[in-house]
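The text begins with a pair of aromatic residues and then turns to the fold, the core, the surface and the record.

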Amino acid sequence: MAVNNTKLAAVADAENPAVVCCDADDSESSIDFAGRANWLRAAVLGANDGLVSTASLMLGVSAVKPEARAMVVSGFAGLLAGAFSMAIGEYVSVCSQRDVEIAELDQAGKRGGDEEKALPSPAQAAAASALAFSVGALLPLLAAGFIVGYNLRVAVVVVVATLALAAFGCVGAVLGRAPVARSCARVVVGGLAAMAVTFGFMRLFRASGV
(Lines give C-alpha, C1' and ligand atoms only; values in the text may rest on other atoms or scores of the structure.)
Protein backbone atom coordinates (compact mmCIF):
# COMPACT_ATOMS: atom_id res chain seq x y z
CA MET A 1 0.00 0.00 0.00
CA ALA A 2 2.84 2.40 0.84
CA VAL A 3 4.42 1.79 -2.57
CA ASN A 4 1.14 2.44 -4.36
CA ASN A 5 0.57 5.66 -2.41
CA THR A 6 4.05 6.85 -3.32
CA LYS A 7 3.45 6.15 -7.01
CA LEU A 8 0.10 7.97 -6.92
CA ALA A 9 1.71 10.99 -5.27
CA ALA A 10 4.45 11.05 -7.92
CA VAL A 11 1.87 10.91 -10.71
CA ALA A 12 -0.14 13.68 -9.10
CA ASP A 13 2.94 15.88 -8.85
CA ALA A 14 3.84 15.22 -12.47
CA GLU A 15 0.31 16.03 -13.64
CA ASN A 16 0.15 19.30 -11.67
CA PRO A 17 3.46 21.13 -12.24
CA ALA A 18 1.67 24.49 -12.29
CA VAL A 19 1.11 24.34 -8.54
CA VAL A 20 4.84 24.38 -7.88
CA CYS A 21 5.43 27.21 -10.35
CA CYS A 22 2.65 29.23 -8.81
CA ASP A 23 4.16 28.85 -5.36
CA ALA A 24 7.55 30.02 -6.65
CA ASP A 25 6.00 33.06 -8.31
CA ASP A 26 4.17 33.97 -5.13
CA SER A 27 7.39 33.69 -3.14
CA GLU A 28 9.28 35.84 -5.64
CA SER A 29 6.62 38.54 -5.68
CA SER A 30 6.58 38.53 -1.89
CA ILE A 31 10.34 39.11 -1.81
CA ASP A 32 10.05 41.99 -4.27
CA PHE A 33 7.30 43.59 -2.20
CA ALA A 34 9.38 43.27 0.95
CA GLY A 35 12.31 44.94 -0.77
CA ARG A 36 10.20 47.87 -1.92
CA ALA A 37 8.67 48.21 1.54
CA ASN A 38 12.14 48.40 3.11
CA TRP A 39 13.17 51.18 0.74
CA LEU A 40 9.97 53.11 1.44
CA ARG A 41 10.35 52.66 5.17
CA ALA A 42 13.95 53.91 5.01
CA ALA A 43 12.72 56.97 3.12
CA VAL A 44 10.06 57.64 5.76
CA LEU A 45 12.62 57.32 8.56
CA GLY A 46 14.97 59.69 6.72
CA ALA A 47 12.22 62.27 6.30
CA ASN A 48 11.29 61.89 9.97
CA ASP A 49 14.92 62.48 10.94
CA GLY A 50 15.09 65.60 8.78
CA LEU A 51 11.87 66.95 10.25
CA VAL A 52 12.75 66.42 13.92
CA SER A 53 16.36 67.60 13.72
CA THR A 54 15.59 70.71 11.65
CA ALA A 55 12.52 71.71 13.65
CA SER A 56 14.44 71.22 16.92
CA LEU A 57 17.34 73.30 15.61
CA MET A 58 15.03 76.11 14.51
CA LEU A 59 13.20 76.17 17.84
CA GLY A 60 16.48 76.08 19.74
CA VAL A 61 17.83 79.08 17.84
CA SER A 62 14.52 80.92 18.23
CA ALA A 63 14.76 80.45 21.99
CA VAL A 64 17.86 82.67 21.96
CA LYS A 65 17.22 84.88 18.92
CA PRO A 66 13.53 85.51 18.18
CA GLU A 67 14.19 87.08 14.76
CA ALA A 68 12.62 85.25 11.85
CA ARG A 69 15.81 85.46 9.79
CA ALA A 70 17.86 83.67 12.43
CA MET A 71 15.30 80.88 12.68
CA VAL A 72 15.01 80.34 8.92
CA VAL A 73 18.76 80.59 8.24
CA SER A 74 19.52 78.08 10.99
CA GLY A 75 16.90 75.71 9.59
CA PHE A 76 18.33 75.98 6.08
CA ALA A 77 21.84 75.35 7.41
CA GLY A 78 20.53 72.34 9.28
CA LEU A 79 18.90 71.03 6.10
CA LEU A 80 22.15 71.27 4.12
CA ALA A 81 24.34 69.86 6.88
CA GLY A 82 21.94 67.02 7.65
CA ALA A 83 21.39 66.07 4.01
CA PHE A 84 25.12 65.93 3.26
CA SER A 85 25.80 64.06 6.49
CA MET A 86 23.12 61.49 5.71
CA ALA A 87 24.37 61.10 2.14
CA ILE A 88 28.00 60.60 3.15
CA GLY A 89 27.09 58.20 5.94
CA GLU A 90 24.86 56.15 3.67
CA TYR A 91 27.47 56.11 0.90
CA VAL A 92 30.21 54.86 3.23
CA SER A 93 27.87 52.28 4.78
CA VAL A 94 26.71 50.85 1.45
CA CYS A 95 30.27 50.85 0.08
CA SER A 96 31.39 48.78 3.05
CA GLN A 97 28.47 46.39 2.60
CA ARG A 98 29.19 46.14 -1.13
CA ASP A 99 32.89 45.38 -0.53
CA VAL A 100 31.97 42.51 1.79
CA GLU A 101 29.47 41.04 -0.67
CA ILE A 102 31.93 41.35 -3.59
CA ALA A 103 34.57 39.53 -1.53
CA GLU A 104 32.06 36.74 -0.94
CA LEU A 105 31.33 36.57 -4.68
CA ASP A 106 35.06 36.37 -5.40
CA GLN A 107 35.41 33.52 -2.97
CA ALA A 108 32.48 31.70 -4.59
CA GLY A 109 33.77 32.38 -8.11
CA LYS A 110 30.65 34.34 -9.11
CA ARG A 111 32.25 37.75 -9.72
CA GLY A 112 30.93 39.59 -12.77
CA GLY A 113 27.59 37.77 -12.93
CA ASP A 114 24.02 38.76 -12.20
CA GLU A 115 24.70 38.60 -8.47
CA GLU A 116 27.15 41.52 -8.71
CA LYS A 117 24.74 43.56 -10.83
CA ALA A 118 22.08 43.12 -8.15
CA LEU A 119 24.26 44.67 -5.44
CA PRO A 120 23.08 48.01 -3.99
CA SER A 121 24.46 51.21 -5.50
CA PRO A 122 26.22 53.52 -3.00
CA ALA A 123 25.44 56.60 -5.10
CA GLN A 124 21.74 55.80 -5.33
CA ALA A 125 21.53 55.08 -1.61
CA ALA A 126 23.28 58.36 -0.79
CA ALA A 127 20.99 60.36 -3.08
CA ALA A 128 17.85 58.72 -1.68
CA SER A 129 18.95 59.36 1.90
CA ALA A 130 19.76 63.02 1.23
CA LEU A 131 16.48 63.55 -0.61
CA ALA A 132 14.39 61.96 2.15
CA PHE A 133 16.09 64.08 4.82
CA SER A 134 15.60 67.25 2.76
CA VAL A 135 11.88 66.58 2.26
CA GLY A 136 11.35 66.28 5.99
CA ALA A 137 13.48 69.34 6.76
CA LEU A 138 11.61 71.50 4.27
CA LEU A 139 8.34 71.22 6.19
CA PRO A 140 9.29 73.34 9.24
CA LEU A 141 11.25 75.71 6.99
CA LEU A 142 8.24 76.40 4.80
CA ALA A 143 6.04 76.72 7.87
CA ALA A 144 8.24 79.42 9.42
CA GLY A 145 9.37 81.22 6.29
CA PHE A 146 6.28 83.39 5.83
CA ILE A 147 5.29 84.25 9.41
CA VAL A 148 6.54 87.44 11.05
CA GLY A 149 5.17 87.15 14.60
CA TYR A 150 7.45 85.20 16.95
CA ASN A 151 4.83 83.36 19.02
CA LEU A 152 2.73 82.45 15.99
CA ARG A 153 5.82 81.31 14.08
CA VAL A 154 6.90 78.97 16.87
CA ALA A 155 3.36 77.63 17.26
CA VAL A 156 3.03 76.96 13.53
CA VAL A 157 6.34 75.11 13.41
CA VAL A 158 5.28 72.90 16.31
CA VAL A 159 1.83 72.19 14.82
CA VAL A 160 3.18 71.42 11.34
CA ALA A 161 5.90 69.20 12.80
CA THR A 162 3.34 67.33 14.94
CA LEU A 163 1.02 66.67 12.00
CA ALA A 164 3.91 65.56 9.80
CA LEU A 165 5.25 63.28 12.53
CA ALA A 166 1.83 61.66 12.88
CA ALA A 167 1.71 61.10 9.11
CA PHE A 168 5.23 59.64 9.04
CA GLY A 169 4.41 57.40 11.99
CA CYS A 170 1.29 56.14 10.25
CA VAL A 171 3.11 55.36 7.00
CA GLY A 172 5.95 53.68 8.86
CA ALA A 173 3.49 51.54 10.80
CA VAL A 174 1.70 50.44 7.65
CA LEU A 175 4.95 49.53 5.91
CA GLY A 176 6.28 47.78 9.00
CA ARG A 177 2.93 46.11 9.73
CA ALA A 178 2.88 47.55 13.25
CA PRO A 179 -0.06 48.97 15.25
CA VAL A 180 -0.80 52.36 13.70
CA ALA A 181 -2.01 54.20 16.81
CA ARG A 182 0.92 53.13 18.96
CA SER A 183 3.45 53.85 16.23
CA CYS A 184 2.05 57.34 15.59
CA ALA A 185 1.98 58.15 19.30
CA ARG A 186 5.57 56.98 19.75
CA VAL A 187 6.84 59.09 16.83
CA VAL A 188 4.88 62.20 17.85
CA VAL A 189 5.86 62.02 21.53
CA GLY A 190 9.51 61.43 20.66
CA GLY A 191 9.61 64.32 18.20
CA LEU A 192 7.86 66.73 20.57
CA ALA A 193 10.22 65.71 23.37
CA ALA A 194 13.25 66.46 21.19
CA MET A 195 11.88 69.89 20.25
CA ALA A 196 10.87 70.73 23.81
CA VAL A 197 14.22 69.73 25.32
CA THR A 198 16.15 71.69 22.68
CA PHE A 199 13.99 74.79 23.11
CA GLY A 200 14.10 74.62 26.91
CA PHE A 201 17.85 74.06 27.09
CA MET A 202 18.62 76.91 24.70
CA ARG A 203 16.25 79.16 26.64
CA LEU A 204 18.72 78.96 29.53
CA PHE A 205 21.33 80.74 27.39
CA ARG A 206 18.93 83.61 26.75
CA ALA A 207 18.07 83.85 30.43
CA SER A 208 21.76 83.97 31.36
CA GLY A 209 22.49 86.61 28.75
CA VAL A 210 24.95 84.48 26.76
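Phe-201 and Phe-205 both belong to helix α7 (residues 180–208), where they stand 4 residues apart, about one turn of the helix. Helices (H or I, at least four residues) and strands (E, at least two) are DSSP runs, numbered from the N terminus. The model is a predicted one: local features need pLDDT of at least 70, side-chain atom pairs count only at pLDDT 80 or more, and totals for chains, interfaces and linings use all residues. Residues are numbered from 1 along each chain as its sequence is written, and side-chain values use heavy atoms, with hydrogens and water left out.

Rings of Phe, Tyr and Trp (its six-membered ring) pair if their centres lie within 6.5 Å; planes under 30 degrees apart count as stacked, over 60 as edge-to-face and the rest as tilted. By this rule the count is 1 aromatic pair. The ring centres of Phe-201 and Phe-205 are 5.8 Å apart and their planes lie at 70°, so the pair is edge-to-face. Phe-205 is partly exposed, with a relative accessible area of 32%; buried means under 20% relative accessible area, exposed over 50%, and partly exposed in between (1.4 Å probe, protein chains only).

The protein has 7 helices and 0 strands. Of its 210 residues, 29% are buried.

A nonpolar core is a set of buried Ala, Val, Leu, Ile, Met, Phe, Trp, Tyr and Cys residues joined through side-chain atoms within 4.5 Å. The largest such core holds 25 residues, and Leu-51, Leu-59, Met-71, Val-157, Leu-165, Phe-168 and Met-195 touch the most other members. Two or more residues each come from α2 (17–64), α3, α5 (122–144), α6 (150–176) and α7. The greatest contribution is that of α2, with 7 residues.

Tyr-91 lies in helix α3 (residues 68–108) and is partly exposed, at 41% relative accessibility.

For "transmembrane region", an unreviewed UniProt entry lists residues 125–148, 154–175 and 187–205. UniProt positions follow the numbering used here, feature names are shortened, and annotations may be inferred rather than shown by experiment. The table describes two of these stretches in the model.

| Stretch | Helix | Strand | Distance between end C-alpha atoms |
|---|---|---|---|
| residues 154–175 | 100% helix | 0% strand | 31 Å |
| residues 187–205 | 100% helix | 0% strand | 28 Å |
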